[in-house]
Amino acid sequence: AVAAGFAVAAAAAFKFGKDSVAAYVEAEQSSVRLDEALKKFPATADRSRESFDKLNTALAQKTKFDDDATASGQAVLAQFKLTGKQVQDLTPLLQDYAAKTGKDLPDAANTLGKALLGKGKALSEVGIKFKDAGSVGKNFDQIMGGLRTQVGGFATAEGKTAAGQAAIMRNQFGELQEKVGGALVPVLLKLAEKVQGVIAEFKNGTGVGGQFRDAFDKIKKSIDENR
């Protein structure tokens, strides 16, 4: 029973470690996407990278969307010639729109981005009668007003439900996994480097790997002699 218990615990620890590395990698990818968008589109330079992180962390505490998903949505919005302030002002309403329509944040951001360019027919699904105002700035104001009226506060209200609270708790656990994964990745990379070194030594017959190969050859020879 004790042995079985240790086996179960070891399996659980391995899965947690594996999931943590995956969570860290996914979070890093979202962060990189936002970093690249902010660098590529200089209009966003009026807001610091740290201010995006602060906003996304605050929103993650009251909606089902974690900070990484929000960053991915913001990376899409940045492509539509918005300032950093405009991206941040639109972010809570982006979450409201995504929650109301069942879209993920990048898809929802792409829909809003198209509306910024004058193609806002899809917004009719939430009751917004969009009409191209002829510029990104004017369309932005129209979209903000329409979203506030039609879906404003929806993501926060959803976050207060049992399902929403469960999602927030899962996201908080995911944050823990990201931190663990961040600590594990450098260790695993060093371990992989050492393993590759031992494999090379095994092939070349040098070092620790060479000792393993000598021992392996002796065992193989002994087996062959006793057949």
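Helix axes here are lines fitted to C-alpha atoms over the stretch in contact, with angles from 0 to 180 degrees between N-to-C directions. Helices themselves are DSSP runs (H or I, at least four residues), numbered from the N terminus.

**Ground rules.** I'm working on a predicted model, where local features need pLDDT of at least 70, side-chain atom pairs count only at pLDDT 80 or more, and totals for chains, interfaces and linings use all residues. Residues are numbered from 1 along each chain as its sequence is written, and side-chain values use heavy atoms, with hydrogens and water left out.

**α3 against α5.** I looked up this pair and found axes that come within 8 Å and cross at roughly 25°. The crossing is right-handed, i.e. the near helix is turned clockwise from the far one by less than a right angle. From α3 I noted Ala 69, Thr 70, Ser 72, Gly 73, Val 76 and Leu 77, and from α5 Leu 105, Pro 106, Ala 109, Asn 110 and Leu 112; contact means heavy atoms within 4.5 Å. By class I get 7 nonpolar, 4 polar and no charged residues. In this scheme Ala, Val, Leu, Ile, Met, Phe, Trp, Tyr, Cys and Pro are nonpolar, Asp, Glu, Lys and Arg charged, and the others, Gly among them, polar.

**α2 against α3.** Next I took α2 (residues 49-60), whose axis comes within 8 Å of that of α3 and crosses it at roughly 130°. That makes α2 oblique to α3. This crossing is right-handed too. α2 brings Phe 52, Leu 55, Asn 56, Thr 57 and Ala 60, while α3 brings Asp 67, Thr 70, Ala 71 and Gln 74. I count 4 nonpolar, 4 polar and 1 charged.

**Arg 49.** Buried or exposed, I wondered about Arg 49? Arg 49 is buried, at a relative accessible area of 18% (buried is under 20%, exposed over 50%, partly exposed in between, with a 1.4 Å probe and protein chains only). This α2 residue touches Ser 31, Leu 34, Asp 35 and Leu 38, leaving aside neighbours within four places in sequence.

**Core.** Last, I checked the largest nonpolar core, which has 32 residues; such a core is a set of buried Ala, Val, Leu, Ile, Met, Phe, Trp, Tyr and Cys residues joined through side-chain atoms within 4.5 Å. Leu 77, Leu 90, Leu 112, Leu 123, Ile 143 and Leu 147 touch the most other members. α4 gives the largest share, 7 residues. For Leu 147 I listed Leu 90, Leu 93, Tyr 97, Leu 112, Ile 128 and Gly 152, not counting residues up to four places away in sequence.

Terms used:
Helices (H or I, at least four residues) and strands (E, at least two) are DSSP runs, numbered from the N terminus. Angles under 35 degrees count as roughly parallel, over 145 as roughly antiparallel, 65 to 115 as roughly perpendicular and the rest as oblique.
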